[in-house]
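Reader: I would like to go through this model and ask how each label was assigned. Where do we start?

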Amino acid sequence: MNAGLELAPVVALVGNPNCGKTALFNALTGSRQKVANYPGVTVEKKTGRLTTPAGRALTVVDLPGTYSLRARSPDEEITRDVVLGKAESEQAPDLVVCVGDASNLRLALRLVLELKHVGRPVMLVLNMMDIARRRGIEIDMAKLGGELGVPVVSSVAVRRGGTDQLLGEIDRALAGLPKTAPADWRPPGAGELRGAQREADRILRSALRGTGRPDSGTNRADAILLHPVAGLVILLAILFVMFQAVFAWARPLMDAISEGFTWLGAMVGEAAFLPELLRSFLKDGVIAGVGSVIVFLPQIVILFFFILVLEDLGYMARAAFLMDKIMGGAGLHGRAFIPLLSSFACAIPGIMATRVIDDRRDRLTTILVAPLMTCSARIPVYTLIISAFIPDRELWGYVGLQGLVMFGLYATGIVGALAVSFVAKRLFWRTNAGEPFMLEMPGYKIPQLRSLALGVWARALAFLKRAGTTILSMMILIWVLASFPGAPEGATEPAITYSLAAMIGHAIEPITAPLGFNWQINVALIPGMAAREVAVGALGTIYAIDGGDGAAAKIGQVLAGQWTLATALALLAWYVFAPQCASTLAVIRRETGGWKWMWTTFGYMLALAYVAALATFQIARALGAG
Amino acid sequence: MPDTSALILATLALGEAAVGFRGRIVALDMSRAHATGLPRSELERRLLELGFVEGADVELLHQGLFGGDPIAVRVADATIALRRREAMAIMVAGEEALP
């Protein structure tokens, strides 16, 4: 934050979830906004700048939605601390603007009454006035302002000029503003909440002119979308399209990015004027490292586009409603469904998508198990080993054995994830009954293209900035391990066999021997940390197989001659569970705001992988496959 | 008040109401919500913050496929989803019993 921003008056936007607060924030600040994290927590911090008609420069903070200052989640704690001026890194707000959905004001009015107790200047904005009018809701704003004792203005965030009245009122409020010290605030008890809600109901009745009609569009849609059977079928269809899009639409873009970086790497690799080591560092370390991060960008953009559309539409709350009971059986929250499904494409966008889960514990459990979903990077490894070791024959006349093994690997990952979340819920949180599932289902609204574009842009940028730095440094570390020390003069073996990676491979052979892994496999697993599929290429390098067309098939033939079936099966079991992805670990560190959950994930996955591979190898050998 | 006895007789927990039920909240009784994972005072405050206050009109709109759980309830102008377990604490009277 620069000095100019520090000095500008701060206006904090507070409101119930789904009140259109973010749309208003976007309308006020446009592209002059940034998304970051509050220090030490995973809560998104959205700030933006604007200049009022009177020429006053302001900082606007979009605070997480809440029903009360009585914080129940890390998000709501941020809202409370910022409003109270207790957030250390944040400037206390000069004006609190409470945003309310004009057609659904009951809970917002109670929040205004609570905010008044804080002792800072408060203003109420009735947002989405156009929708309220269409439903025949007329509000006497002067009466409402008089009863509440705060200025009341209306706005239509999604229309040009829809915020003029609000900006004028902000100017008026800030002009004659004494710097007020907040009163001592304490959480209200049940009696106070009850009294405040009754008072809010009385005020609303006195200010309402025209009772309004029910939101018939939303009611009609919900009759189908929340139908116990049809609702689930539609949800699955939506998810299928989404999954397909993340998987298939992203493919050409990902291939293009991948080819672009390969070409760039080749160019650098042929730059004869550079020293050999620098060329290798740029090609295999930096370019391959950056490329392995950026290649995920299309998936992330597509996934977040879908998530934001569903969120803005108001469908996300419905999806959580439909899936709550099914997910609840494994101790997961209804909202964990979409992040876990996304993880079948790649755990990185999946983990980023866990932001839709409000409760911290539910979110951490979801992050913990997301990497167990079979991501697309495992497919090349599975395909290689299955085609080399599993005979291509039919079972019972119509089921392919190879396909069945593939399906088994997916199923093992899913069952593993459910089991881990079941255990984690009890081990880490020590509660049988989780957080109660309670959420408001907003009326359906057409998403605004501008809002979607801003949201996707902000997340793509955040991914590149944050994950890029951490992931790149891990890639460089892996390159160092695989490149040093170089091959001696007159070496006959591939260079990697003389590297630190090979030394580690030999050193850990006693540990991996019970799994049936030889040192060559150990070495392949190290560059495989960069991205799972890299292990295929690494095996090719170690067994000194030329690249080019049909390399994978050649690797398969060589492996079939070198490994036993038990070793191959153990490696498959290992790959289902092993934390073989530095990028995922880096994203977990970023999203959870620390090392603790990254190491927890790494540790439990490593343990599961070891046990699974050990059991597979020993059982397979006992059955005569060794 | 001749209506009172009829009202008491017609009182039930929202957690045991069927889809289509319309009525009014008459009381919040935390002793009826079991194993919710929250202390009673916290559950009461959360229900109040979502607008479940005595006197508010409610309608049970939708329920889930398995065990009729969770439920979607219209409270005044808002629609709130919650589980039947927590909704057991919300005592309601059917509209036919209301004065």
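Author: With the elements: helices (H or I, at least four residues) and strands (E, at least two) are DSSP runs, numbered from the N terminus. The model is predicted, with local features needing pLDDT of at least 70, side-chain atom pairs counting only at pLDDT 80 or more, and totals for chains, interfaces and linings using all residues. Residues are numbered from 1 along each chain as its sequence is written, while chains are lettered from A and ligands numbered from 1 in the order in which they are written.

Reader: How many helices and strands does that rule give in chain A, and how many in chain B?

Author: Chain A has 27 helices and 12 strands. Chain B has 3 helices and 6 strands, and its elements run α-β-β-α-β-β-β-α-β from the N terminus on. B:Ala76 is in the loop between β4 and β5 (78-82) of chain B.

Reader: Is A:Met128 buried or exposed, and how do you know?

Author: A:Met128 has 26 C-beta neighbours inside 10 Å and therefore counts as buried. A:Met128 also has a positive phi, about 55 degrees, although it is not a glycine. It is found in the loop between β6 (122-127) and α5 (129-134) of chain A.

Reader: What class does A:Val536 fall into, and why?

Author: A:Val536 has 19 other C-beta atoms within 10 Å, so it is partly exposed. A:Val536 lies in helix α23 (residues 534-542) of chain A. Its C-alpha atom is separated by 18 Å from that of A:Glu493, 43 residues apart along the chain.

Reader: What share of the residues is buried in chain A, and what share in chain B?

Author: Buried residues make up 46% of the 626 residues in chain A and 44% of the 99 residues in chain B.

Reader: What makes up the contact between the two chains?

Author: Residues are in contact if their C-beta atoms, placed from the backbone, lie within 7 Å. The contact takes 32 residues from chain A and 31 residues from chain B. On the side of chain A that touches chain B, the elements giving two or more residues are α4 (106-116), α8 (190-207), α13 (316-328) and β12 (438-440) of chain A. That side divides into 17 nonpolar, 6 polar and 9 charged residues. Here Ala, Val, Leu, Ile, Met, Phe, Trp, Tyr, Cys and Pro count as nonpolar, Asp, Glu, Lys and Arg as charged, and the others, Gly among them, as polar.

Reader: What share of the contacts inside each chain joins residues 24 or more positions apart?

Author: Among contacts with a separation of 6 or more, such residues account for 71% in chain A and 67% in chain B.

Reader: Why are α4(A) and α8(A) called oblique?

Author: Their axes come within 8 Å and cross at roughly 120 degrees. Angles under 35 degrees count as roughly parallel, over 145 as roughly antiparallel, 65 to 115 as roughly perpendicular and the rest as oblique. α4(A) and α8(A) are therefore oblique to each other. The residues making the contact include A:Arg106 and A:Leu109 of α4(A), and A:Ala196 and A:Gln197 of α8(A). By class, the contact of α4(A) with α8(A) has 6 nonpolar, 1 polar and 5 charged residues.

Reader: How are the axes of α18 (residues 401-427) and α25 (residues 565-577) of chain A placed?

Author: Those axes come within 9 Å and cross at roughly 40 degrees, and α18(A) and α25(A) are therefore oblique to each other. A:Leu409, A:Thr412, A:Gly413 and A:Gly416 of α18(A) make the contact with A:Leu572, A:Val576 and A:Phe577 of α25(A). These residues divide into 4 nonpolar, 3 polar and no charged.

Reader: What is the peptide bond from B:Asp69 to B:Pro70 called, and what is its omega?

Author: That bond is cis, with omega near -10 degrees. B:Pro70 is found in the loop between β3 (57-63) and β4 (71-75) of chain B.

Notes: Axes fitted to C-alpha atoms, helices over the stretch in contact; angles between N-to-C directions. Buried ≥ 20, exposed ≤ 12 C-beta atoms within 10 Å, placed from the backbone.
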